[in-house]
Amino acid sequence: MKKNPHIAVLDDETDITELLANYLQGHGFRVSQVHEGRALMGLMETDPADLVLLDLGLPGEDGFTIARRMRESWRCGLIIVTGRGDAVDKVVGLEVGADDYVTKPFDLRELVARVKAVLRRLAPAEPVPAAKQPAPADRLCFAGWQLDTASRSLLNPRGESVVLTGGEFDLLHVFTLHPGRVLSRDFLLEHTRGREATPFDRTIDVQVGRLRKKIETDADDPQLIRSVRGAGYMLVPPVTHG
């Protein structure tokens, strides 16, 4: 995680943005406060944030729409911070690309911990000196795909880059470290989010679905990441270091 990461806080309530800004600044973050989607887009054009805290209940443009636009244009952390705690909203938030979903009221210390966790997942590994090639262990290959853990990038069998969110990369990385093994939802959640699943927690199911849309020929008939009824998920093809 780089020094003084830039956090953008989008909420239509100024007292909320000021509270978050003051607390985050006290933990070494640089913070910008914005109160509508257009202002956030303008900020991202001129001074891109490393992570955005996004409220859903905004006047005008819906928060989910803003989240989709963010994912289409920028690679940054995205945490939805909202009073809408309905399970459907949480699923939709994750499906549009949020790295995490926090409901109000929340503990400020927990929010900072979640911000730091997302930023750590997004941070690239230390760069390899130009005179050296990446170590073979940095590239994990399966079914023609190449996952580069140093640059946190993914190439498809045609050599084209496929953009992954931080959560999607972490999930695929865990699968490539355990090919041919059935991984439970609890195992995947612990190794990607650092926490245990709660009852009815669909975080992993949503992220697996998003990942399948990016790497499967037919996401409705997955051949790479198979579901194992009542047990979890499994990466089918073997993995080699390349």
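**Surface, fold and cores of the protein chain**

The protein chain exposes about 12200 Å², and carbon and sulfur atoms supply 51% of that area. This is a predicted model. Of the 242 residues in the protein chain, 48% count as buried. The chain carries 31 positive and 35 negative charges, whose mean positions lie 5 Å apart.

The secondary structure consists of 8 helices and 12 strands. The radius of gyration is 18 Å, close to the 18 Å that the globule rule gives for 242 residues, so the protein chain is as compact as a globular protein of that length. Among contacts with a separation of 6 or more, 58% join residues 24 or more positions apart.

Inside the chain, the largest nonpolar core has 24 residues. Within this core, L154, L172, F175, L188, I215 and I225 touch the most other members. Two or more residues each come from strand 6 (139–142), strand 7 (145–148), helix 6 (166–177), helix 7 (185–193), helix 8 (203–215) and strand 11 (232–235). Helix 6 is the element that gives the most, with 5 residues.

Terms used: Residues numbered from 1 in each chain as written. Predicted model: local features only at pLDDT ≥ 70, side-chain atom pairs only at ≥ 80, totals over all residues. Heavy atoms only, no water. Core = buried A, V, L, I, M, F, W, Y, C linked by side-chain atoms within 4.5 Å. Buried < 20%, exposed > 50% of the residue type's maximum accessible area, 1.4 Å probe, protein only. Helix = DSSP H or I, 4+ residues; strand = E, 2+ residues; numbered from the N terminus. Rg over C-alpha atoms; globule rule 2.2 N^0.38 Å. Contact = heavy atoms within 4.5 Å. Areas by Shrake-Rupley, 256 points an atom, 1.4 Å probe, with all protein chains shown as cover. Lys, Arg positive; Asp, Glu negative; His and termini not counted. Charge placed at Lys NZ, Arg CZ, Asp CG, Glu CD.
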